Amino acid sequence: MRFRRILAAVFATAALAGLGLTGAATATAATATAGSVTPASVTPGECTDNGGTIDRSTPVLPTCRGGMYDGQTVD
């Protein structure tokens, strides 16, 4: 009887530890993904607010030069 209680405690501890590791891995992956997403185009305000300038000499669309959105098209 005592062996069953110890075995149940071991399984419960392992299950809870597994859930904790899975949750931590998911949170880390979500954080990494969220930080690396760049938009296809930015607004003029986003470009200038994040340290860039708008380059209107590009042939198709204006481009943000410098700052966080360097090289992105300005919408």
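**Briefing: Gln 72 and its surroundings in a predicted model**

Gln 72 touches Thr 38, Pro 39, Ala 40, Ser 41, Val 42, Pro 62, Thr 63 and Cys 64, leaving out residues up to four places away in sequence; a contact here means heavy atoms within 4.5 Å. The structure is a predicted model, in which local features need pLDDT of at least 70 and side-chain atom pairs count only at pLDDT 80 or more, while totals for chains, interfaces and linings use all residues. Residues are numbered from 1 along each chain as its sequence is written, and side-chain values use heavy atoms, with hydrogens and water left out.

**Overall architecture**

- The protein chain contains two helices and four strands, arranged from the N terminus as α-β-α-β-β-β.
- Helices (H or I, at least four residues) and strands (E, at least two) are DSSP runs, numbered from the N terminus.
- Of the 75 residues in the protein chain, 12% are buried; buried means under 20% relative accessible area, exposed means over 50%, and partly exposed lies in between (1.4 Å probe, protein chains only).
- The protein chain exposes about 5,700 Å², and carbon and sulfur atoms supply 65% of this area. Accessible areas come from the Shrake-Rupley method with a 1.4 Å probe, and for residues only the protein chains shown count as cover.
- Among contacts between residues at least 6 apart in sequence, 29% join residues at least 24 apart.

**Gln 72 and Thr 63**

- Gln 72 is found in the loop between strand E3 (63-65) and strand E4 (73-74), and this residue is buried, with a relative accessible area of 18%.
- Thr 63, one of the residues that Gln 72 touches, lies in strand E3 and is buried at a relative accessible area of 8%.
- The side chain of Thr 63 makes a polar contact with the side chain of Thr 58 (3.4 Å). A polar contact is a pair of N or O atoms within 3.5 Å; within protein, one must be able to donate a hydrogen and the other to accept it, and residues adjacent in sequence count only if both atoms are side-chain atoms.
- Beyond its neighbours within four places in sequence, Thr 63 is in contact with residues including Thr 53, Ile 54, Asp 55 and Val 74.

**Disulfide and nonpolar core**

- A search of the whole structure finds one disulfide, defined as a pair of cysteine sulfur atoms within 2.5 Å.
- This disulfide joins Cys 47 to Cys 64, with an S to S distance of 2.1 Å. The pair links distant parts of the chain, with Cys 47 in helix H2 (residues 44-49) and Cys 64 in strand E3, 17 residues apart.
- The link of Cys 47 and Cys 64 is right-handed, with 90 degrees about the S-S bond.
- Cys 47 is buried at a relative accessible area of 1%, and Cys 64 is buried at 0%.
- The largest nonpolar core has five residues, namely Val 42, Cys 47, Cys 64, Tyr 69 and Val 74. Such a core is a set of buried Ala, Val, Leu, Ile, Met, Phe, Trp, Tyr and Cys residues joined through side-chain atoms within 4.5 Å.

**Salt bridge**

- One salt bridge is found in a search of the whole structure; the term denotes a side-chain nitrogen of Lys or Arg within 4 Å of a carboxyl oxygen of Asp or Glu.
- Asp 55 forms a salt bridge with Arg 65, and their closest N and O atoms are 3.3 Å apart. The pair links distant parts of the chain, with Asp 55 in strand E2 (residues 53-55) and Arg 65 in strand E3, ten residues apart.
- Asp 55 is partly exposed, with a relative accessible area of 22%, and Arg 65 is partly exposed, with 36%.
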